[in-house]
Amino acid sequence: MAQDIAPAKGCKQPRSSGSRREGKSRTVRSNLLPLGPKGSDQPRRLHASNRLKTTKYTLLSFLPKNLFEQFHRFANVYFVFIALLNFVPIVGAFQPELALAPVVFILAVTALKDLWEDYRRYRSDQEINHMDCLVYCRYLQR
């Protein structure tokens, strides 16, 4: 494919990644304006990265974001409220620690599930970002 053609000046050749998706590649088309009579007269432009990122969390934001999402569910808020009512001596029906155990267990299992899903998204993003890529270069003369 593109490895048979030598890249023109200023164009990079696609790198091989050795990933599981061998034989597959992405095509990236430039959205730059066409060159005028002299290509070097245009100033160098900085462009955003083409990296794909679909993860929701970072290491620092996992706990706050996950708890925020979980407490948007009415059932979680209700059961935490009932568990906290057991700490009030007048209302306490049974041991307060025992009332918190199921709620904490459900929150922990849901957090682990969300963490695993986000990790799988991260791995998928890495695999796609390291795929071979065909880049159409306007300097390449055929």
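Helix 1 passes helix 3 in a right-handed crossing, the near helix being turned clockwise from the far one by less than a right angle. This is a predicted model, in which local features need pLDDT of at least 70 and side-chain atom pairs count only at pLDDT 80 or more, while totals for chains, interfaces and linings use all residues. Residues are numbered from 1 along each chain as its sequence is written, and side-chain values use heavy atoms, without hydrogens and water.

The axes of helix 1 (residues 62-70) and helix 3 (residues 96-129) come within 11 Å and cross at roughly 120°. On the helix 1 side, F62, N66 and Q70 make the contact (heavy atoms within 4.5 Å); helix 3 contributes I106, L107, T110, A111, D114 and L115.

I turn now to the aromatic residues. How many aromatic pairs does a search of the whole structure find? The search finds 4, a pair having ring centres within 6.5 Å. In one of them, the rings of Y78 and F79 have centres 5.2 Å apart and planes at 75°, so this pair is edge-to-face (over 60 degrees; under 30 is stacked and the rest tilted).

W116 is partly exposed at 49% relative accessibility (between 20% and 50%, with a 1.4 Å probe and protein chains only), and Y119 is partly exposed at 41%. The C-alpha atom of Y119 is 9.2 Å from that of Y57, 62 residues away along the chain.

Note on methods:
Axes fitted to C-alpha atoms, helices over the stretch in contact; angles between N-to-C directions. Helix = DSSP H or I, 4+ residues; strand = E, 2+ residues; numbered from the N terminus. Phe/Tyr/Trp six-rings, centres within 6.5 Å; stacked < 30°, edge-to-face > 60°.
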